[in-house]
Every structure is written in C-alpha cells, then in structure tokens.
Protein chains: 2
Amino acid sequence: MKAFRFLLVALLFALPAAAQDTTKPSTTAPTKQHQSAASADEGSIRQLYESWAKAFRAKDVTAIMSFYASGDAVIAYDVIPPLQYKGFDTYKKDYTDFLAPFKGPVGIEFRDMHIYAGGDVGLVHCLERISGTMQNGQKVDFWLRATSGLRKINGKWLIVHDHISVPADFNTGKAAMDLKP
Amino acid sequence: MKAFRFLLVALLFALPAAAQDTTKPSTTAPTKQHQSAASADEGSIRQLYESWAKAFRAKDVTAIMSFYASGDAVIAYDVIPPLQYKGFDTYKKDYTDFLAPFKGPVGIEFRDMHIYAGGDVGLVHCLERISGTMQNGQKVDFWLRATSGLRKINGKWLIVHDHISVPADFNTGKAAMDLKP
C-alpha cells in the first residue's frame, strides 16, 4: 500500500515540460509578420518547457517555480483532489511534497506536444511519461496528460494554468495509471 | 453496476461551456488597442461557450460540433481512456454516445471560468457541474475540471483542444466523482 501511495504521489506534480515532439502547425492564414511572431513565441515557450524539465529532473523547486506567474495568477487542476489548486504558494508546496520522495533525478519524457502562441496567450498540451526511483527503492513509470496555459507578462512567458490528469477506468472506477500512448 | 456505468458515461463528454463566472483580468500591460482586441475576443469566446452550452443542453450533436475545428485539428484528453482522442469524427461519436442515455435535457453549470485571448489563440478553464436524468430514471449530478484551447481560424474561434477530468482519489485509487468546489 505504501508503494502504491508513492506511485500516486508521483502523479501529483507531473507537469508540462520540454518539447521533444511535433508542434501543431497553425491552421490560420496570418500575415508573414504574424507568422514570424507566433513562431518566435512558440520557440520561447518550447524553451521554457525545456528549462522547466531540467529543473524538474534536478528537483529544483525554486527553478521550477520561476516559470510560473506569481500570487493568485496560477490555478491548477491537479491529478488529485481538490478540484482546483489556487495560487503560487499552494502549487509550490505541492512540487516540494512531490519531489521529496524521489531518490535521485526524476525522468520526464514528452509525446505529441502541441504549442500555440498568439499575442500574449500561449497553450501547450502533451502526453508525459514520468519515471524514477523512490526513496524506498520502488520504481515508478507512468503516462499522464498535461495541458498548460501561459501569458506573456512584461515580455516574459509564464505559466498561469496547469491541468494534469489520468483517465478514469470506468470498468473499475479507478484511475488508469498503466496506459501507454 | 449499470447505474454506476451511466454515471461514468455521463462524465465522458462534460466539456467546457458557457461563461457564468469571473474572467481573469490580464496581468500584462498591453496597449489600449491590444486590450480592446483581447476583450472583444474574450467576449466572442464567452459567447461561443454560451452557444455550446445551449447545444449541449439540447443534445444537438451537430450544433455542438460546429464549435470545433475540423479534421485532425482536434485533440482531446477525455475523462476516460485512452490517453487521447484524435480528430473531429472520433470526438463527435463520443458526444453522440454520451448524450443518448440522457432522458430530456442535460444540465450544465460553470464555476470559476477564466478566459484568455491573444492574437488567434484562446484558452478557457473552469469547473463544470453536469446534471440530468438517465433513461433508466437515475439522476446524475457531479463536478469536473475542463480546460480548452481555441484558435481563430478564418476569423472564427474554434476549439482545437479539450482536457476533461476528475481528480484521482489516492486513498482509494478511484476517480473522485463526488467533489464540490
């Protein structure tokens, strides 16, 4: 049961991260100038997630939180209750609690990442594979779905919303933590 | 067990919908022109969700799908497996399958809705309450989390991404379907 709880805790903070996959091309027909700006912003957001992933692997909570907006600007729908987490400090505590049980670095892999950027609003979604070894020696390895919203605030892209989940298995009523893309 | 499955099926397609709550104010410092454009776009997106909600309540799948981008532009992370649903047709079938077991209209209520729009990219997230009576007489009433991404395609806002979920209860390993905001 303790091992199971470690697995569940490990699901808590699996957040959107570095781009290692395809980015959906725009289906709009913007001007070349708009295309260029959107492409540059998508690149900036991709870089943000690459940097986030490095911080996540290193379990550096301060570095991780540097990619989030401050105060109550952050609202997250996490994989565990309650329905929503409000505010930077609440979310930072969650990261801290999540990373503590890991022994050594945390693995993260991305699949089917899509990045959209327009003006000062960005959107990212992807599948994420989290892996690692817990302090008790248990190995964890699972996939989840991650969607994030970003704002360009004073010229810097910051995450304002995360939605992290695993599907619910309706035959068993349980969280489906063994799915693979 | 059949009643339970109805409840679970009812979770399947609870999607983002009409704005009846607060919209997060921008924390950027754009020009007045940008503010005006963003405000107009946020209003358009709010109207889209109000129209979506009407179609959802009326169980009009054709009208519902008119708010989505065509072809493979839509990728959804639904509350049930698999990890992702790819494409308009797959998602339309899900809506159809979901609405069929309801007797009469489906209730939908929104809480803590936030809308962001910049350029041709939009983001919406909120908590949603779904209620109704199934064909077998069972009443359902539950809350979930919904995040959507939108693109302005040829001047029209369309949904390209949905992420719908309930949290996982780590004490029981089950989907937490009885939470309230």
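Q: In which salt bridge does the side chain of A:Lys93 take part, and with which residue?
A: A salt bridge here is a side-chain nitrogen of Lys or Arg within 4 Å of a carboxyl oxygen of Asp or Glu. The N to O distance for this pair is 2.7 Å. The partner of A:Lys93 is A:Asp97.

Q: Before we go on, what pLDDT do side-chain atom pairs need in order to count?
A: Residues are numbered from 1 along each chain as its sequence is written, while chains are lettered from A and ligands numbered from 1 in the order in which they are written. Side-chain values use heavy atoms, leaving out hydrogens and water, and in this predicted model totals for chains, interfaces and linings use all residues, local features need pLDDT of at least 70, and side-chain atom pairs count only at pLDDT 80 or more.

Q: Why are A:Lys93 and A:Asp97 separated by about one helical turn, and which helix holds them?
A: Helices (H or I, at least four residues) and strands (E, at least two) are DSSP runs, numbered from the N terminus. The two residues are about one helical turn apart because four positions separate them in a helix of chain A, residues 88-99. That helix is α4.

Q: Is A:Lys93 buried or exposed?
A: Buried means under 20% relative accessible area, exposed over 50%, and partly exposed in between (1.4 Å probe, protein chains only). A:Asp97, with 37%, is partly exposed. A:Lys93 has a relative accessible area of 51%, so A:Lys93 is exposed.

Q: Which residue forms a salt bridge with A:Asp120?
A: The closest N and O atoms of this pair are 3.0 Å apart. A:Asp120 sits in the loop between β3 and β4 of chain A and the partner in strand β5 of chain A, so the bridge ties together parts 31 residues apart in sequence. Both residues are buried. The partner of A:Asp120 is A:Arg151.

Q: How many salt bridges does the structure hold over all chains, and how many does the rule find across the interface of chain A and chain B?
A: Over all chains the structure holds 13. One that joins the two chains is formed by B:Lys86 and A:Asp112, with closest N and O atoms 3.6 Å apart. Across the interface of chain A and chain B the count is two.

Q: How much area do chain A and chain B bury between them?
A: Contact (heavy atoms within 4.5 Å) joins 59 residues of chain A with 60 residues of chain B. Buried area is the accessible area (1.4 Å probe) that two parts lose on being put together, summed over both. Of this area, 64% is on carbon and sulfur atoms, and the total is about 5000 Å².

Q: Which element gives the largest share of the side of chain A that touches chain B?
A: Between the chains there are 21 residue pairs in polar contact, both at pLDDT 80 or more; a polar contact is a pair of N or O atoms within 3.5 Å where, within protein, one must be able to donate a hydrogen and the other to accept it, and residues adjacent in sequence count only if both atoms are side-chain atoms. Elements giving two or more residues to this side of chain A include α1 (2-12), β3 (102-118) and β4 (121-134). The largest share, eight residues, comes from β5(A).

Q: Where is A:Asp41, and which side chain does its own side chain touch in a polar contact?
A: A:Asp41 is placed in helix α2 (residues 32-57) of chain A. At 11% relative accessibility, A:Asp41 counts as buried. Beyond neighbours within four places in sequence, its contacts include A:Ala117, A:Gly119 and A:Trp157. The polar contact, at 2.9 Å, is with A:Lys152.

Q: How many residues does the largest nonpolar core have?
A: A nonpolar core is a set of buried Ala, Val, Leu, Ile, Met, Phe, Trp, Tyr and Cys residues joined through side-chain atoms within 4.5 Å. Those touching the most other members include A:Trp52, A:Phe56, B:Trp52 and B:Phe56. The number of residues in this core is 106.

Q: What share of the residues of chain A counts as buried?
A: Chain A has four helices and eight strands. Of its 181 residues, the buried share is 57%.
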